[in-house]
Structures are given as structure tokens and as C-alpha cells.
Amino acid sequence: MIFLELFLTFFIIGAFTFGGGYAMLSLIQDQVVSIHGWLSPEEFTDIVAISQMSPGPIGINSATYIGYSVPHAMGYGPVLSVLGSLTATTAVVLPSYLIVLWICILFEKFKDNRYFASILRVMRPVTIGMIAAAAILLITPYNFIDWWSWGLFAASFAAILFFKANPIWVIIASGVAGYLIYGIG
């Protein structure tokens, strides 16, 4: 059943990702595009873009959108597609919740333990590597998109960096520019 597959997939992603949503992207892409084949690379790129623009963590937003899209693409109705969203979202959050709960309970006992401190120190470079892997995956040739997209990226980057433009206005302007360039469909 697709809901069990979504739960297990996103539970594993949530359990083995350190560093937040951006670090999750490479694992999500591997599972959703490469292993299960639920989405094409282009659809995944679209989900990442929508997830970045939506309020909230990108990993959770991606899980929610994928959880809706997969059952919907399989012919399930809107109610079961929403159930897919809830399933994927719960699954991706649950490991972190359980781990943090466990750490909070045990932290007082181990806060002065040097081995515990060493484990936390080792996790920092691993997290940086996973975020770098996500960035590299998003700029690979099959995710190149087109020159218009790169132009919008460059213009947005320059507006924020050099002209100190408000990011909200840059997002709105990019959306309008995207609509003018690409139209509705």
C-alpha cells in the first residue's frame, strides 16, 4: 500500500538526516526519483522550488507535497491524497521528535560526558557535507532548467546582495517574471 511505503520512506529519511531540510533534499531525491520512481527529476525540482517559497522547513514542505502528489498521481482522490500528505509529513517529523524527546530525557545524565560531546562535534562536518550534496544535486545537468531560470536567479541574487532588496518583494517579482516568461502551464 502506498501509504505504508510513504511512511517508511519518509521515516527513514527523517531518521538518518542531520542538518535540517536542505540536508534532506539529496536523500529525498534519491528515494523519490531514483529508487521509487514516484517523480521525475523535473517534478522534484518543481517541488523544491515550491517548498522553498512556502512558509516552513523545506524538508517538511517537500514531504507534504510529495505525500499529496504520489497518491494523486496514482488515481486516489483528494481525501486520500491529503492523507498521503499527513502520512509523509508525520513520518519525516516523527524520528526527530522521538530523538529530541529521548535526548532531553537523557541530556541531564550525559551533559558532562566527553564521549557524548565528541559525538556532537563529529556531526557538524557530516551535516555540512549533506547540505553540499543537496546543492550539487540541484545544479546537475538534468536539473539545469533553462537560461531564463538562471537569469532570474542571477537577478534575484543581485537584487538582494547588492541592492538590499526585500526578499519578499524579490519572490513576488520572480513569480510575476516567471508567469510572464512561462505563462500558466
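## Close-up views of a predicted helical chain

**View 1. Surroundings of N61 in the predicted model.** Leaving aside residues up to four places away in sequence, N61 touches S51, S54, P55 and G56. The structure shown here and in the following views is a predicted model, and in it N61 takes its place in helix α4, which covers residues 58–73. With a relative accessible area of 15%, N61 is buried, because that value falls under the 20% limit used for the term. A polar atom of the N61 side chain lies 3.3 Å from the backbone oxygen of P55, and P55 is also one of the residues that N61 touches.

View 2. T89 lies in helix α5, which is made up of residues 78–110. Its side chain makes a polar contact with the side chain of T64, at a distance of 2.5 Å.

**View 3. The aromatic pair W150 and F153 in helix α7.** A search of the whole structure finds four aromatic pairs. In the pair formed by W150 and F153, the ring centres are 5.9 Å apart and the planes stand at 85°, so the arrangement is edge-to-face. Both residues lie in helix α7, which comprises residues 147–161, and they are three residues apart, about one turn of the helix. W150 is partly exposed, with a relative accessible area of 32%. Together with F157, the residues W150 and F153 form one aromatic cluster.

**View 4. A nonpolar patch on the surface.** The patch consists of I139, W147, W150, F153, F157, L161, F162 and F163, which together have about 1000 Å² of accessible area. W150, F153 and F157, which form one aromatic cluster, are thus also members of this surface patch, because patch residues are those with over 30% relative accessible area and no salt bridge. F162, another member of the patch, has its place in the loop between α7 and α8, the latter helix spanning 167–182. At 59% relative accessibility F162 counts as exposed, whereas W150, at 32%, is partly exposed.

**View 5. K164 in the loop between α7 and α8.** K164 is found in the loop between α7 and α8, where F162 also has its place. The phi angle of K164 is near 55°, a positive value in a residue other than glycine. With a relative accessible area of 65%, K164 is exposed.

**View 6. The chain as a whole, for orientation.** The chain has eight helices and zero strands, and the pattern read along the sequence is α-α-α-α-α-α-α-α. Taken along the principal axes, its C-alpha atoms fill a box of roughly 60 × 45 × 30 Å. Of the 185 residues of the chain, 28% count as buried, and N61 of the opening view is buried as well. Among contacts between residues at least 6 apart in sequence, 61% join residues at least 24 apart. The accessible surface of the chain comes to about 11800 Å², and 75% of this surface belongs to carbon and sulfur atoms.

How values were computed. Residues are numbered from 1 along each chain as its sequence is written. This is a predicted model: local features need pLDDT of at least 70, side-chain atom pairs count only at pLDDT 80 or more; totals for chains, interfaces and linings use all residues. Side-chain values use heavy atoms; hydrogens and water are left out. Helices (H or I, at least four residues) and strands (E, at least two) are DSSP runs, numbered from the N terminus. Buried means under 20% relative accessible area, exposed over 50%, partly exposed in between (1.4 Å probe, protein chains only). A polar contact is a pair of N or O atoms within 3.5 Å; within protein, one must be able to donate a hydrogen and the other to accept it, and residues adjacent in sequence count only if both atoms are side-chain atoms. Contact means heavy atoms within 4.5 Å. Rings of Phe, Tyr and Trp (its six-membered ring) pair if their centres lie within 6.5 Å; planes under 30 degrees apart count as stacked, over 60 as edge-to-face and the rest as tilted. Patches are made of residues with over 30% relative accessible area and no salt bridge: like charges are joined within 9 Å, nonpolar side chains (Val, Leu, Ile, Met, Phe, Trp, Tyr) within 5 Å. Accessible areas come from the Shrake-Rupley method with a 1.4 Å probe; for residues, only the protein chains shown count as cover. A salt bridge is a side-chain nitrogen of Lys or Arg within 4 Å of a carboxyl oxygen of Asp or Glu.
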